[in-house]
Amino acid sequence: MYGRIPQTNDTRCRFEVGLFQETLLPFVRRHNFSRRLVVHLDADLYSSTLFVLTTLAPYFKPGDIVFFDNFICSTDEFRAFQDYVNAFRVKYEVLGAVQEYLRVCVKILQ
């Protein structure tokens, strides 16, 4: 709120500040992907969403969860997810959606 990073004492959660193109690769290099991955993707734009999904594609495994916060726009997050699913032949299950698919949660199946 107001440009401040939310504070949390939960060691399972971490906020990365900056552009995805600057922060995602350092995150990938230091992250252990052996456990379930839960990603809350607040990218909004097609290019940012596609960058995140394709960068994480080699690490996604069955059971991983991805939350989209602006999925309803057919030219941005939704389109990027569809392009990612088609390019990587991803199977997924929609776990839930609210506000007419504005926010969507999917589980990676394979």
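**Note on the helices, strands and loops of the model**

1. In helix H1 (residues 20-30), the buried residues are Thr23, Leu24, Phe27 and Val28. Seen down the axis of H1, these residues fall within an arc of 135°, so they line one face of the helix. The structure discussed here is a predicted model.

2. The other side of H1 presents a contrast in exposure: Glu22 and Arg29 are exposed there. The buried residues of H1, for their part, pack against H2.

3. Helix H2 spans residues 46-56, and Thr55 is found in it. Is Thr55 buried or exposed? Its relative accessibility is 15%, and because buried means under 20%, Thr55 counts as buried. Leaving aside residues up to four places away in sequence, Thr55 touches Leu24, Leu25 and Val28.

4. The strands may be taken next. Strand S2 (residues 65-68) and S4 run antiparallel and are joined by 4 bridges. Within this pairing, Phe68 has Val104 in S4 as its bridge partner.

5. Strand S4 also pairs with S3. How many bridges does the pairing of S3 and S4 have? The two strands pair in the antiparallel sense over 6 bridges. Val98 stands opposite Arg103, a residue of S4.

6. The hairpin of S3 and S4 has 4 residues between the strands. In this hairpin, Gln99 takes a positive phi near 50°. Tyr101 is placed in the loop between S3 and strand S4 (103-108), and its phi is near 70°, a positive value in a residue other than glycine. With a relative accessibility of 48%, Tyr101 counts as partly exposed, because that class lies between the 20% limit for buried and the 50% limit for exposed.

7. A further positive phi belongs to Arg89, where the value is near 55° in a residue other than glycine.

8. One is the packing of the buried residues of H1 against H2, with Thr55 touching Leu24, Leu25 and Val28. The other is the set of positive phi values at Arg89, Gln99 and Tyr101.

Notes. Residues are numbered from 1 along each chain as its sequence is written. This is a predicted model: local features need pLDDT of at least 70, side-chain atom pairs count only at pLDDT 80 or more; totals for chains, interfaces and linings use all residues. Side-chain values use heavy atoms; hydrogens and water are left out. Buried means under 20% relative accessible area, exposed over 50%, partly exposed in between (1.4 Å probe, protein chains only). Contact means heavy atoms within 4.5 Å. The arc is that of the directions from the helix axis to the C-beta atoms. Two strands pair if DSSP finds at least two bridges between them.
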